[in-house]
Amino acid sequence: LQARYTFQQIDRFLEGFGVDVRQYAYGTSKRVYAADILSEQPESMLRAIAEELELDPATSSGRTTDYPEAWKGATGFRLFISHLSKDKDVAHKLRAALAEHSIFGFVAHDDIEPTTAWEREIERALWTMDAMVAVLTEGFRASVWCQQEVGIALGRGAKVISFKWGEDPVGFISKEQALPRRNRTAIEIAKEIDRLLAKDPRTADRLMAAKGKADAVPF
C-alpha cells in the first residue's frame, strides 16, 4: 500500500473493503498509517486485501512460499511450535493435544523427514503458519534458532504465545503476558491456547474456519 498509493488512494482502497478510515490520522508515514488500520482488521479481511494486491496471503511480504510437506492439504489452523530440540517431547505432547481443537501444530522433529532439507521445511512452516507458540524451557533465550523463529513471527505480525516452562520471555515477546504451565497437563494448556487464539483478531477468523472443517484435518 505504501509503495503503490497516496494517502487518499489508500483510503479509497480500504473503504472498498468496508473499512472506516475516518478515525485515523495520516501522519508522516503511509506505512505506519496503513499498518495502524490493518492491525485492527480481522484476518479474513487481511487475506482478501492480500489477494487483491496479488500477494501471498500467508505472508506479510508478498513472497510466494510453499507449505511444508506436513501442512500440504491441511485445512486446520496452522500453529508453529518453536522449541528446543532437547524438549521435543514437550512439543510433541502439546501438538497431539492441540489436534482436538482443529489446531495443526508443526513440530520440526515430528514433521520433517530425514531426507528433506531441514532448514527449508522450517522456513516454509514459518512463512505459512497462522500463529506460533514458543515453548520457553530452560535455554530457549540462548538458542539462535529459536530466537530467529520468533523474530520471523514477529516480523510477519503473527500472533506469538509464550508458553512459560521454566524461563521468562525476553525481548519483544515479553510485552505480552506469558502462558504459565502451573503443573497443568498438555490437554489443559491446549485448551488455553485455543481460547487465546479464538479471542485475538489476528487468528479468530482463521481458527473458526478451521473448526468448521475439522473433519479434514489430517490426523
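A residue counts as buried here when its relative accessible area is under 20%. By that rule, 46% of the 219 residues of the protein chain are buried. The model is a predicted one. Its chain holds nine helices and five strands. Read from the N terminus, these elements follow the order α-α-α-β-α-β-α-α-β-α-β-β-α-α. Among contacts between residues at least 6 apart in sequence, 67% join residues at least 24 apart.

The walk through the structure can start with helix α3, which spans residues 43-52. Its buried residues are E43, M45, I49 and A50. Viewed down the axis of α3, these buried residues fall within an arc of 155 degrees, so they line one face of the helix. As background, an α-helix has 3.6 residues a turn, so residues three or four places apart point the same way. The other side of α3 carries E51 and E52, both of which are exposed. The buried residues of α3 are covered by elements that include α1 (7-15), α2 (30-38) and α9 (204-212). Just past the end of α3, E54 adopts a positive phi of about 60 degrees.

Further along, in the loop between α3 and β1 (77-82), sits P68. Is P68 buried or exposed? P68 is buried, and its relative accessible area is 0%. Setting aside neighbours within four places in sequence, the residues in contact with P68 are F106, E121, R124, A125 and T128. L126 is 58 residues away from P68 along the chain, yet the C-alpha atoms of the two are separated by 9.3 Å.

Two packed helices are described by the angle between their axes and the distance between the axes. For α6 (residues 118-128) and α7 (residues 144-156), the axes come within 9 Å and cross at roughly 30 degrees. An angle under 35 degrees counts as roughly parallel, and α6 and α7 are therefore roughly parallel to each other. The crossing in which α6 passes α7 is right-handed.

Which residues of α4 meet α8? They are K93, L94, A97 and L98, and their partners in α8 are A186, I187, I189, A190 and I193. By class, the contact of α4 with α8 has eight nonpolar residues, no polar residues and one charged residue.

Helix α8 also packs against α9, at an angle of about 120 degrees and with the axes 6 Å apart. α8 and α9 are therefore oblique to each other. Residues D194, L197 and A198 of α8 and A204, L207 and K211 of α9 make this contact. Its classes are four nonpolar, no polar and two charged residues. α9 is also one of the elements that cover the buried residues of α3.

Two loop residues remain to be pointed out. S102 is found in the loop between α4 and β2 (103-106). Although S102 is not a glycine, its phi is positive, at about 60 degrees. The relative accessibility of S102 is 7%, and S102 therefore counts as buried. R182 lies in the loop between β5 (179-180) and α8. R182 is not a glycine either, and its phi is positive at about 55 degrees. Is R182 buried or exposed? R182 is exposed, with a relative accessible area of 65%. Thus S102 is buried, whereas R182 is exposed.

Conventions: Residues numbered from 1 in each chain as written. Predicted model: local features only at pLDDT ≥ 70, side-chain atom pairs only at ≥ 80, totals over all residues. Heavy atoms only, no water. Axes fitted to C-alpha atoms, helices over the stretch in contact; angles between N-to-C directions. Helix = DSSP H or I, 4+ residues; strand = E, 2+ residues; numbered from the N terminus. Parallel < 35°, antiparallel > 145°, perpendicular 65-115°, else oblique. Left-handed = near helix turned anticlockwise from the far one by under 90°. Buried < 20%, exposed > 50% of the residue type's maximum accessible area, 1.4 Å probe, protein only. Arc of directions from axis to C-beta. Contact = heavy atoms within 4.5 Å. Nonpolar A, V, L, I, M, F, W, Y, C, P; charged D, E, K, R; others polar.
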